[in-house]
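Please read the following report alongside the sequence and the coordinates.

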Amino acid sequence: MVPIATLLLLLLHVTGPSLGFENLCPANEDLDPCYCVSDGKTIRVDCMQVTDAQEVHKALQSVKGIKRVFIDFLRARLDAVPSDLFQGLHISKLSFTNCKLKTLGDEGRSALEGLEDIIEVRGRN
């Protein structure tokens, strides 16, 4: 089941241009396997059921330079989340929901390095 917030953001994505919202999302093919919605001020990147950290890394590089990025991992199964996964991104919120992660960063380094100023980090199971 898709969360209500995701449905609302998808609705804004579809109706946004008619309401004068600018779509800040990169091209869909650049974000694959994730997807994005924008309200004209911020973007939300949802990575659902992802299993390849390298694909996620490539997708997230496409949002570099965009301010106010919310990244939501839903039911992801990643063996290792590399320590540079979020490097250089302007993340305002990061969420892991019902995910299975074996490691969060490389040996001696956290994948959350550089996100000390993040507004909110949330994890739920």
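This is a predicted model: local features need pLDDT of at least 70, side-chain atom pairs count only at pLDDT 80 or more; totals for chains, interfaces and linings use all residues.

## The disulfides

How many disulfides does the structure hold? There are two, and, when the bonded cysteines are counted along the chain, they follow the pattern 1-3, 2-4. The table sets out their geometry.

| Pair | S-S distance | Angle about the S-S bond | Hand |
|---|---|---|---|
| Cys25 and Cys36 | 2.0 Å | -75 degrees | left-handed |
| Cys34 and Cys47 | 2.0 Å | 100 degrees | right-handed |

The left-handed link is that of Cys25 and Cys36, with -75 degrees about the S-S bond. This pair links distant parts of the chain, 11 residues apart, with Cys25 in the loop between α1 (4-19) and α2 (28-31) and Cys36 in strand β1 (residues 35-38). Both Cys25 and Cys36 are buried.

The right-handed link is that of Cys34 and Cys47, with 100 degrees about the S-S bond. Because Cys34 lies in the loop between α2 and β1 while Cys47 lies in strand β2 (residues 43-48), the pair ties together parts that are 13 residues apart in sequence. Cys34 counts as buried at a relative accessibility of 6%, and Cys47 is buried with a relative accessible area of 0%. Cys99, by contrast, is in no disulfide, and the nearest cysteine sulfur, that of Cys47, is 9.5 Å away.

## The aromatic cluster

A pair of aromatic rings is described by the distance of the centres and the angle of the planes. The structure holds two aromatic pairs. In one of them, the rings of Phe73 and Phe86 have their centres 6.3 Å apart and their planes at 75 degrees, so this pair is edge-to-face, a class that requires an angle over 60 degrees. The pair links distant parts of the chain, 13 residues apart: Phe73 is in strand β3 (residues 69-74), and Phe86 is in the loop between β4 (77-81) and β5 (91-97). Phe73 is buried with a relative accessible area of 0%, and Phe86 counts as buried at 1% relative accessibility.

How are the rings of Phe73 and Phe96 arranged, stacked or edge-to-face? Their centres are 5.0 Å apart and their planes are at 5 degrees, so the pair is stacked, the limit for this class being under 30 degrees. Since Phe73 lies in strand β3 and Phe96 in strand β5, this pair ties together parts that are 23 residues apart in sequence. Phe96 counts as buried at 11% relative accessibility. Through these ring pairs Phe73, Phe86 and Phe96 are linked into a cluster.

## The chain as a whole

The protein has three helices and seven strands, and their order along the sequence is α-α-β-β-α-β-β-β-β-β. Of the 125 residues in the protein, 39% are buried. Where contacts between residues at least 6 apart in sequence are considered, 57% join residues that are at least 24 apart. The accessible surface of the protein comes to about 7300 Å², and 52% of this surface belongs to carbon and sulfur atoms.

Note on methods
Residues are numbered from 1 along each chain as its sequence is written. Side-chain values use heavy atoms; hydrogens and water are left out. A disulfide is a pair of cysteine sulfur atoms within 2.5 Å. Helices (H or I, at least four residues) and strands (E, at least two) are DSSP runs, numbered from the N terminus. Buried means under 20% relative accessible area, exposed over 50%, partly exposed in between (1.4 Å probe, protein chains only). Contact means heavy atoms within 4.5 Å. Accessible areas come from the Shrake-Rupley method with a 1.4 Å probe; for residues, only the protein chains shown count as cover. Rings of Phe, Tyr and Trp (its six-membered ring) pair if their centres lie within 6.5 Å; planes under 30 degrees apart count as stacked, over 60 as edge-to-face and the rest as tilted.
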